Amino acid sequence: MATGQVLKPGDHIYSKCFGGLYDHHGIYVGKAKVKNPRTGKEEQIENAVIHFLGQDKNGKAKTYRPQCPKCFHESHELGVVLTCLDCFYDGNTIYRYEYEVSLLSFTFKSSGSCSTFTSSEPDVVIKRAYSFLHKNNFGEYSFFFNNCEHFATKCKTGTALCNQILFGTGVPGAIAYNVARGFTKGLFWS
């Protein structure tokens with residue numbers, strides 16, 4: 001965790017991946033129960049995260065890892081998943097995504113780290129995250145238009161947003177991204 005920050009259930013967190021090429025986002029839920037596939041019994045994990053995992057262009061997991069001994073997650077499990085914090089951040093620094101930042105701050109902060117939107121209360125955020133997890137219905141993963149940041153902001157605000165895949169940073173990038181998203185939706189989706 002970045003210096004001086006303590007995680008609270010309902011926090012939108014992210015971690016820089018592959019040397020900062022992109023960020024992975026999720027919702028920290030604190031304690032959670034997971035099923036141990038060896039015993040069939042539920043076990044509690046202390047630091048759980050619900051997040052949206054995508055796949056490569058062949059529909060497979062991007063990386064292979066053996067089953068986690070803490071949360072029992074396997075790398076081939078994609079979509080909305082519940083894992084331990086270790087599986088989520090994979091040794092990288094964890095940051096808390098900021099909400100209700102000023103337009104000026106949003107313009108100058110790094111993409112994918114904040115939003116001008118207002119966050120819902122933590123219990124609402126966690127309820128949304130668990131709903132997506134149980135229904136596994138966040139849709140098909142798209143790096144540009146339906147990714148882990150879209151998932152986490154949808155849980156936090158009720159609106160799916162992504163600032164890290166901006167065509168530039170701040171307000172100009174957000175405008176360009178939304179124009180491109182609207183244009184491609186019109187072309188490829190009815």
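**Figure 1. Cysteine sulfurs in the predicted model.** Cys 17 is buried, its relative accessible area being 12%, in a model that is predicted rather than determined by experiment. The cysteine sulfur closest to that of Cys 17 belongs to Cys 148 and lies 7.7 Å away, which is too far for a bond. Cys 68 is likewise buried, with a relative accessible area of 9%, and its sulfur lies 3.5 Å from the closest cysteine sulfur, that of Cys 87, which is again too far for a bond. A disulfide would require two cysteine sulfur atoms within 2.5 Å, and by this rule the count comes to 0 disulfides.

**Figure 2. Overall arrangement of the protein chain.** The protein chain has 5 helices and 5 strands, and when these are read along the sequence they follow the pattern β-β-β-β-α-β-α-α-α-α. Of the 190 residues of the chain, 44% count as buried, while the accessible surface comes to about 10,500 Å², with 55% of that area belonging to carbon and sulfur atoms. Among the contacts between residues at least 6 apart in sequence, 56% join residues at least 24 apart.

**Figure 3. Aromatic pair between Phe 52 and Tyr 141.** The structure holds 11 aromatic pairs, and one of them joins Phe 52 and Tyr 141, whose ring centres are 5.5 Å apart and whose planes stand at 50°, so that the pair is classed as tilted. Phe 52 belongs to strand β3 (residues 42-53), whereas Tyr 141 sits in the loop between α3 (122-135) and α4 (148-157), so the pair ties together parts of the chain that are 89 residues apart in sequence. Both Phe 52 and Tyr 141 are buried.

Figure 4. Phe 132 and Phe 151 form an aromatic pair that is edge-to-face, with 5.7 Å from centre to centre and 65° between the planes. Because Phe 132 lies in helix α3 and Phe 151 in helix α4, this pair ties together parts that are 19 residues apart in sequence. Both Phe 132 and Phe 151 are buried.

**Figure 5. Surroundings of Thr 157.** Thr 157 lies in helix α4 and, at 15% relative accessibility, counts as buried. A polar atom of the Thr 157 side chain lies 2.8 Å from the backbone oxygen of Thr 153, and a polar atom of that side chain also lies 3.0 Å from the backbone oxygen of Thr 159. When residues up to four places away in sequence are not counted, Thr 157 touches Tyr 99, Phe 117, Thr 118, Ser 120 and Arg 128.

**Figure 6. Salt bridge between Lys 16 and Asp 23.** Side chains of opposite charge can pair when their charged atoms come close. The structure holds 4 salt bridges, and in one of them the side chains of Lys 16 and Asp 23 meet with an N to O distance of 3.3 Å.

**Figure 7. Salt bridge between Glu 46 and Lys 31.** Glu 46 forms a salt bridge with Lys 31, in which the closest N and O atoms are 4.0 Å apart. Since Glu 46 lies in strand β3 and Lys 31 in strand β2 (residues 22-35), the pair ties together parts that are 15 residues apart in sequence. Glu 46 counts as partly exposed at 44% relative accessibility, while Lys 31, at 54% relative accessibility, counts as exposed.

**Figure 8. Salt bridge between Asp 86 and Lys 70.** The side chains of Asp 86 and Lys 70 meet in a salt bridge, with 2.1 Å from N to O in the predicted model. Asp 86 is part of helix α1 (residues 85-89) and Lys 70 is part of the loop between β3 and β4 (79-84), so the pair ties together parts that are 16 residues apart in sequence. Asp 86 counts as partly exposed, at 34% relative accessibility, and Lys 70 also counts as partly exposed, at 46% relative accessibility.

Note on methods
Residues are numbered from 1 along each chain as its sequence is written. This is a predicted model: local features need pLDDT of at least 70, side-chain atom pairs count only at pLDDT 80 or more; totals for chains, interfaces and linings use all residues. Side-chain values use heavy atoms; hydrogens and water are left out. Rings of Phe, Tyr and Trp (its six-membered ring) pair if their centres lie within 6.5 Å; planes under 30 degrees apart count as stacked, over 60 as edge-to-face and the rest as tilted. Helices (H or I, at least four residues) and strands (E, at least two) are DSSP runs, numbered from the N terminus. Buried means under 20% relative accessible area, exposed over 50%, partly exposed in between (1.4 Å probe, protein chains only). A polar contact is a pair of N or O atoms within 3.5 Å; within protein, one must be able to donate a hydrogen and the other to accept it, and residues adjacent in sequence count only if both atoms are side-chain atoms. Contact means heavy atoms within 4.5 Å. Accessible areas come from the Shrake-Rupley method with a 1.4 Å probe; for residues, only the protein chains shown count as cover.
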